[in-house]
Amino acid sequence: MILDSSDGGPAPGRPRLIVGVTGASAPQLAVHLLTALRRCGAVETHLVLSRAAHRTLELETGMRADELGALADFCHQRGDIAASIASGSFLTMGMVVVPCSMKTLAAIAHGYSDDLLSRAADVCLKERRRLVLVTRETPLSLVHLRNMTAVTEAGATVLPPVPAFYQRPDSLEDLLAHLSGKILDQFGIAHELFPRWQGPAPARPIGVAR
């Protein structure tokens, strides 16, 4: 476990990243991301779950919250408003909410910090730190779209878990790896989770034999 310095700064060489998990469908996204972060070891992770996340995690993955928590360096209770991540003086590189429900999106968009997850997101906005919301819902209503506009104008990045097929995925793992990699890209965290697009193969001039 990495100990904090007395001024709340991160331990040398390991920036902090907050990971919030809500009750939206697809908690597998959070499981894969936390697993990837633990393997790379370059980031100190602080996990916080919403109330509904516990139930969705169990229903869709069979995991308990404490099992997910074992993938993070630190876990925080959603009701602990005195937790380190509730303060802007606790230095982090930012926060990702994965998956992000429309309820949590609305709370963040309108500054309604009724638990530690939404408070930590609000801190990232006010401190001008990176906030990435992996919004999970379809189709989208006008209310959803307006809330996405509001958080984007406030400085957040809305990153829906849209699968890519240019790398010709063979499995669900390939799709999850691509999405985790896109999230890590937002924070400048190096990884090799998916092959990057290098452009199509050069076209052969007409008349040149193979």
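Q: Which elements do the buried residues of H4 pack against?
A: They pack against strand E4 (94–100), H5, strand E5 (130–135) and helix H6 (142–154). Contact here means heavy atoms within 4.5 Å. Helices (H or I, at least four residues) and strands (E, at least two) are DSSP runs numbered from the N terminus.

Q: Is this an experimental or a predicted model?
A: This is a predicted model: local features need pLDDT of at least 70, side-chain atom pairs count only at pLDDT 80 or more, and totals for chains, interfaces and linings use all residues. Residues are numbered from 1 along each chain as its sequence is written, and side-chain values use heavy atoms, with hydrogens and water left out.

Q: Back to H4. How many of its 8 residues are buried?
A: 6 of the 8, so H4 is largely enclosed by the rest of the structure. Buried means under 20% relative accessible area, exposed over 50%, and partly exposed in between (1.4 Å probe, protein chains only).

Q: Which ones are they?
A: In H4, the buried residues are Met 102, Thr 104, Leu 105, Ala 107, Ile 108 and Ala 109.

Q: And what about phi at Gly 111?
A: Gly 111 follows H4, and its phi is positive, near 65°.

Q: Which residues other than glycine have a positive phi?
A: Arg 128 is one of them, with phi near 60°. Arg 168 is another, at about 55°.

Q: Where does Arg 128 sit?
A: Arg 128 is in the loop between H5 and E5.

Q: And Arg 168?
A: Look in the loop between strand E6 (157–158) and helix H7 (172–186) for Arg 168.

Q: Are the two buried or exposed?
A: Arg 128 has 69% relative accessibility, so it counts as exposed. Arg 168 is at 70%, so it counts as exposed too.

Q: OK, peptides. What is the bond between Val 98 and Pro 99, cis or trans?
A: Cis, with omega about -10°. Pro 99 is placed in strand E4, an element that the buried residues of H4 pack against.

Q: And from Thr 138 to Pro 139, cis or trans?
A: That bond is cis as well, with omega near -10°. Pro 139 belongs to the loop between E5 and H6.

Q: New topic. How many disulfides are there?
A: A search of the whole structure gives 0 (a disulfide is a pair of cysteine sulfur atoms within 2.5 Å).

Q: Last one. What is the mean pLDDT of the chain?
A: The mean pLDDT (the predictor's confidence in each residue, from 0 to 100) is 92, and 90% of the residues reach 70 or more.

Q: Where is the pLDDT below 50?
A: Over residues 1–7. Beyond near neighbours in sequence, that stretch has 12 contacts in the model.

Q: How should coordinates be read where pLDDT is low?
A: Where pLDDT is low, the predicted coordinates should not be read in detail.
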